Amino acid sequence: MTRKASPTIALFPEASFGAALNCVGIAQALRAKGARPVFICHAGFSGVFADYGFQEYQLPTDEPLSESQRQSYWQAFVRRHLPHFRLSPIDQLETYVAPTWQAIVDTAVNAEAPLRQLLARLKPDAVVLDNVIMFPAIAAAGCPWVRVVSCAETELPDANVPPYLSGLGVDDPQRAAFEARYLAACAPAHDRFNRFRADAGLGPLPKGQFLETSPDLNLLLTPTIVRRERAEPLDPARFVYLEGCVRSEGPFEVPVFPRNGGPLVYVSFGSLGAMDVGLIERMLVVFDRLPARFIVNAGGLRDAYRAVPDNVYLDAWFPQPSVVAKSDLFIHHGGNNSFCEALRFGVPSLIMPYCWDGHDNAQRAEETGTGDHIGRDGWTEGVLEKAILGLLADDAMRARLKDNAAQMALKPGTDAAAQAILSLIRI
Amino acid sequence: MQAAARRPRTNHLDLAQRILDVARQRGFEPGTRLPEQQIASLCNVSRTPVRAALGLLAERGVVRWEAESGYHLAIDLTAQASVATELPAAEEDELAEAILRDRSARRLDQTVTVAGLMRRYSAERKTVLKALNKLTEENLLDRAPGQSWLFRRTPDDPEAQGDSYEFRLLLEPAAILTPGFRLDGARAATLRQAMEALVTLPDAAFDTREFQRLDIDFHGMLAEGSANRFIADALADHLRLRRLPGIYAGVNVFRLRQSLREHLVILDHLESLQYEVAADLLRIHLRLSRNQRPQAASRGAPALFGTISRPE
């Protein structure tokens, strides 16, 4: 059999930058291999993919929010959840995780009808879903579908893998208690989702799970250096591990700092983490006295900062892979994309997680000697200073990470993903 | 700021730049003689400052001096859109740049004082005042009561960027459509050459700073071509804001390259005197450039555009 000359691959990332930019990397590799990648995107993300040269199809919504409604939503969201981000993972279950699952179920329910219509019109040769929840329309699209497991490996349960979102070690005695509380906290959203699935013609999922593995192909953004030994190994015919999934960005020119010496540290907590201005301000006080230069992603709240130190450069957006490539340390929230980018460029991670799988990656960074982590709350200036200087001085870790990065560069995850996706398509 | 004594005076630098502008506009080729008297009358100044400015250009290799025939143009001015980079910066220009850079990085507050800037930059009072006056003349600062100055709002947040594009959408096509529009042919040819060179560079070698220079020059050329001086002046004032640090940060190379191609097509239509088509294409170009990514996004949440206030 031969492959179709220019197959249409519909990529459908969730409305978050991590998934969106992961998929940009895969789409760039698909395009380089002659396919026609297109994006299905949620309202608000149109333009993000076009800026990388990809065709976009925005999912229509019945009641699009006005700009002021979105601003009110976020103002309330941040006011409500910032305090929750300082809680332990187990205490976030009822306060943050459960309401977030309810909101995620809403997105799946709301997307279903327009997604079915769009897929019927697009007739893609494959659909790539980078999300944490299933959209029944995808299973009904009549073509292979690919699940991108873009969170930490914990997203796929296993007896030898700590529970998803727990931040626990594999043998932690709290495991059973966490699992029980997780199932209880997300039960209302899960029950609602299973009813929705039944209405849409899909069978129920086990408790606590919102997305099945694909019968065709599943991609895990889990580089070898942080991969876990599973009690039940994943079937290599359907599960492909990627050595990261880093998109190609334009060059980044390191700015001139008034105090222009020392190693370069990049700090980004993602667009949501950037909302915690108070936390970043506390960190700037520490940065000011360290012999290093700091590039800080301040997101949309750059104007909230005053008297920024001379060894700090703030901006609202950076071409992250290009910045990480030039950095000596990456301080981030443990988002899987950020963690993989740090590994891909051989840069140690200092993870300060605030939610979701950031906790899992923080734990894993320490376990694998690829970085360190400190809690979002309760740190002192001395603790942060020691963590930064410790990682900057750890030559052995740096050498190991650089060797690993060289290995990862030989097997770009984006290429492996594109190849695996295209292997599904035959005419 | 310690090397101030060796720096040329600002007025000589300005004049040197004006001499080059005149030479470019008149199509002077390499080797063209530059008699002091002729240059003085073309620039409306006396011969003494012209001599100093030509001396400055000779130091940079832009002109050469021959004992028998005086100064001659030494470079091909059509090969580069601007020779500003050839000239050294005056002390106050350097300070003004540092002030803008530090404001952009939020190291300086919106209000600054002369005393505060003298301390921060170890600079003399007169240098700080000159830098502040320069920024005030460029409409980047306003004098506030006492010895303080207030930075004007710049298009470096989503809301201000939106306003900036609205303003440009109103005025830039109008600059072309107002009867009497004239394209500076030599400048257009130089720009075309530079844009065509930049557009072919691979992602990893793409020079964003060069893009910024060409983008400002391209839109500035359209503004200056307008026969309506009020439109031209308003746009020139506004486009000056786009040379501030950070304005082009965060735009993907793909979009920058696409933007260059749009410039080239607009230029095609301007050169063939199809002004209405050029104005329509310019509107589309500005709308596409305005496209911006959300300020924040999270699982299950609608993407955020615009700004929200600092959470407490």
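Okay, let's start in chain B, where strand 4 and strand 5 (residues 148-151) run antiparallel and are joined by three bridges. If you want a spot to look at, find B:Leu141, which stands opposite B:Phe151 in strand 5 of chain B. Before I go on, keep in mind that this is a predicted model.

Those two strands belong to an open sheet of three strands in chain B, in the order 3-5-4, with antiparallel pairing. So which strands stand at the edges? They're strand 3 (111-113) and strand 4 (141-143) of chain B; each has a single partner strand, so one side of each is left without a neighbour in the sheet. Ignoring direction, neighbouring strands here are turned by 30 degrees against each other on average.

Staying in chain B, have a look at two helices. Helix 2 (residues 36-43) and helix 3 (residues 47-59) of chain B have axes that come within 9 Å and cross at roughly 105 degrees. An angle from 65 to 115 degrees counts as roughly perpendicular, and therefore that's what we call helix 2 and helix 3 of chain B. Where they meet, helix 2 of chain B brings B:Glu36, B:Gln37, B:Ile39, B:Ala40 and B:Cys43, while helix 3 of chain B brings B:Arg47, B:Val50 and B:Arg51. Sorted by class, that contact has four nonpolar, one polar and three charged residues.

Now over to chain A. The contact takes 24 residues from domain 1 of chain A and 25 residues from domain 2 of chain A. On the domain 1 side, we get 14 nonpolar, eight polar and two charged residues.

Next, zoom in on strand 10 (residues 312-315) of chain A. Both of its faces are covered: A:Val312 and A:Leu314 on one side, A:Tyr313 and A:Asp315 on the other, and all are buried. Strand 10 of chain A pairs with strand 9 (residues 293-297) of chain A in the parallel sense, over four bridges, and A:Phe294 stands opposite A:Val312.

Last stop: how do the chains meet? Here 53 residues of chain A are in contact with 38 residues of chain B. Which element gives the most to the chain A side? That's helix 2 of chain A, with nine residues. Strand 10 of chain A shows up here too, among the elements giving two or more residues. By class, the chain A side has 29 nonpolar, 13 polar and 11 charged residues.

Technical notes: Residues numbered from 1 in each chain as written. Chains lettered and ligands numbered in written order. Predicted model: local features only at pLDDT ≥ 70, side-chain atom pairs only at ≥ 80, totals over all residues. Contact = placed C-beta atoms within 7 Å. Nonpolar A, V, L, I, M, F, W, Y, C, P; charged D, E, K, R; others polar. Buried ≥ 20, exposed ≤ 12 C-beta atoms within 10 Å, placed from the backbone. Pairing = 2+ DSSP bridges. Axes fitted to C-alpha atoms, helices over the stretch in contact; angles between N-to-C directions. Parallel < 35°, antiparallel > 145°, perpendicular 65-115°, else oblique.
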